[in-house]
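Here is a friendly briefing to read alongside the model. Have a look at the structure first, and then we can walk through it together.

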Amino acid sequence: MSHSTVPRSRAEADTTEKTPVASGGATGPRKKRPPTGKLSFGLRFRRDRVLLLMTLPAVLLVLLFNYVPILGNVVAFQEYDPYISDNGIVSILNSPWVGLENFQRIFEDSAFWNAVQNTLVLFFLQLVLYFPIPILLALLINSVVRPRVRAISQAILYLPHFFSWVLVIAVFQQLFGGAGILSQLLRENGYDGLNIMTNPDTFAFLITAQSVWKDAGWGIIVFLAALASVNHDLYEAAAMDGAGRWRRMWHVTLPALRPVIALLLVLRVGDALTVGFEQILLQRDYVGPGAAEVLDTFVWWNGVRNQDFSYAAAAGLVKGVISLGLVLAANKVAHLMGEQGVYKK
Amino acid sequence: MTPNAASASFGPSRRSFLASSAVAAAAVAGGMPLLAACGGSDSGSRDGTTSGKDAKKILPAYVASNVVTPDIPSKNGSAVGFTSKLDLAGLKTSVPEKLGKGGKVTVMSPFWGSPPKADNAYYKAMNDLIGVDVVWQNQDGNTYDQKLGAVLASSDVPDVVVVPGWNMTGKIPSAIIGKFADLGPYLSGDAVKDYPNLAAIPTDAWQRSIFGGKLRGLPMPSSYVPNNVPFYRQDIFEKEGYEVPTSCDEFLALAKEATNAKAKRWACLDMKWTAFYAFGVLSGEEKSLGWHEADGKLVNRIETDEYLEALEWTRKLFAAGVVHPDAELGKSAAQDAGPKFAAGEFIIYTQDMSQWWSRTAEQATQNPDFKIWGMDLFGHDGGDPTLWAKNPATIFAFVNKKASESVIRDVLAVANVTAAPYGTKEYMMTNYGVEGTHYTVKDGVPAKTDQGNIDVMNAYVMIASPAATIAHPDFPEVAKGQVEWQQRMGAFTKKSSFYGMQIVEPSRYTNLSNDFEQLEDDFVRGRKKMSDVQQAVSEWRSKGGDKLRDWYKKLLDENGSAAS
């Protein structure tokens, strides 16, 4: 059984591999893989010019909106004051350089390290408590046979994704707040009220619970798609070999999901330091920054709120560098596990 | 509130603060957060203050205007109060001819509530009256600080930008100096007499409008008496036989008695600001007001024992479980306290004085038993309180530096109408709109219509206002209560060393005390320890607080103390 699944996942891997090759300008899968490295640049350029032209608009957009703004990071090395002129670029040119002073400040700032710690704790908690849930839900939904039931349960699961965080938090507050339904119910029955929303000790769990409620349903879409592509013959063959439900799941379904899980995991790790800006900002005062300050709210607070743009830019830059390191590491781990990851050399 | 003031709500408070039809009263209200005050500047020349002879040179002349004699004259720094019936037929005209030249002026201003349509009848009528085509860019007042920094950093600043003092954090004061025009040539000295209503704005409000050595702001004058009133449900107090507390111990005892969580009744919201008053803590509404020279030494409020004692007592209230759970959520929970106060979920809360009127008006028809009243501030030990004055103007309108002279003249024409005193047609139009459309008159008392409540909100009152005025033709007893409260509290109000000065701190110190308000809120809710506060204070000292003290000391030597 396990033998039969291997080609399956390779086929998966192949399809994902083709995409970058095609857009990268190769001749496509039909021909033998050309010895790209040996063609001169000019020749390759002439051969692929139409394809290159087609990518141009996208490249320009990426340059304009992703790369040009990166240049703004120079303010991290300045004492930037946007108000000394009417033009941002002129302001940058006229702001004094301070070298690494902002970074030095960051590394000495206990609030920054508190934010880093909170961010990492939240990330790991969400990785353990949140990440598996969409997979489980997808498996559950996948096992539902009647299309109607399936559609309805999918709709119910997707719905919370479309609520704004303001709404989700208001709902949680009404249910679990100090004067919420749960607390009043407890009080009416002679117990003490519970202040779930304002307890800094359990804040990380609260945040995770909110994320699960809101977005876990939405997260199953990718897994459902992957499940849909599993060849049903494999299940039949496995059943013929005497595999029960659990064995079929273990040896057919999960291996089929493995590349997707690995990919999402790597992406998630790359995003590790981004743990839900809006959600946390809205609840920052509920428990105080000691428990709720994460890197993104730290940057917001110092930059937008206090107009300490240079300091915030420096903090953002540090965050970016750590994220890059994490995604490279995660990708490496994925490769070691024999998975595709985000990219391959 | 003033925003920071009553812990609980940043937003709604200010909304009702401005929504109040007699926004003039808002002048009284004013208000600014802890972090307000002066901010940074990139060059040495921008920080500091302007006073004495230098200020005299640029301050506008003062020409009092006596349109209607107030029923209660100003005393102890109070606003003037009007409690008798307004003669609507005999309203005076304070602007006999249109000063506007028909130009177009864009204004960005904070707005609390839902802005009306751009072409509504109120805006049209006001623009007709002024002779200027004012185009409003209303922004959510609760998140204005997040927007302001970005707009001012852009190259596309509107003709006029309204900036409340509590939004002057970080580098905003530096932006004000860099981006806004010097109005001195149009207003200094006798020049202001072209605009009689502006000439009637008290000088101390103009003094506050000097930024970076130039007269840049059009002020909203206010009383210097503290504006955060501990409100209580007088009807419930009477029914239950509660006595209004006159000391911290009495307050706590009453709070414990009144709380019955099972029945969804708590005593109060966050009482931090009342505690600051009770313990005589230096004002926290603007950074410069937190400094005071005593016995030859300049101290900051956060260094005083009173500060710690006030926080300690507030913490006791939270620990005793007498505070409504909503207050646990802190400031961002900006929920409108009104409905839950009306429902009796809590019976005491601290907010800006303007809510005295707005809550009364809100509940008048549907909840006739409801009665909100302000309790006198008490000394913590039951004696007289020591109160510290707030500044006499807190909201300013600024004109873009790039505006042409004709645009500036048009803006001043707008201000001259909006600053018209009580008893004039211009005041009535600015605060109530058009008769028949926005308000109706019953028995000589104006009452806003539904459309009035939609259209006649914020906007024009933000440009400039007359001397602090309290007038509620619809609820004269509230106006009386407010002015008398101010007068009683005014008797206990002292001015600190830097009272009334508009001070721009050097940029490297502007963010020094930013986190204290948060720390206070964390401490009183039991999330931080007293040692954390003390450590933050000593860090504050070593990170620049002591240097800032030297800087203020120098300023004091140069300008003299404003203390009284």
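Strand β13 (residues 372–374) of chain B runs antiparallel to β8(B), and three bridges join the two; strands pair if DSSP finds at least two bridges between them. This is a predicted model, in which local features need pLDDT of at least 70, side-chain atom pairs count only at pLDDT 80 or more, and totals for chains, interfaces and linings use all residues. Residues are numbered from 1 along each chain as its sequence is written, while chains are lettered from A and ligands numbered from 1 in the order in which they are written.

**Around β8(B)**
- B:Phe231 has B:Gly374 as its bridge partner in β13(B).
- Five bridges link β8(B) to the antiparallel strand β12 (residues 346–352) of chain B, where B:Thr350 stands opposite B:Pro230.
- Strand β8 (residues 228–233) of chain B is largely enclosed by the rest of the structure, because six of its six residues are buried (20 or more other C-beta atoms within 10 Å of a residue's own, placed from the backbone).
- Strands here are DSSP runs of E with at least two residues, and helices are runs of H or I with at least four, numbered from the N terminus.

**Between the chains**
- Contacts (C-beta atoms, placed from the backbone, within 7 Å) involve 34 residues of chain B and 31 residues of chain A.

Note on methods:
Contact = placed C-beta atoms within 7 Å. Buried ≥ 20, exposed ≤ 12 C-beta atoms within 10 Å, placed from the backbone.
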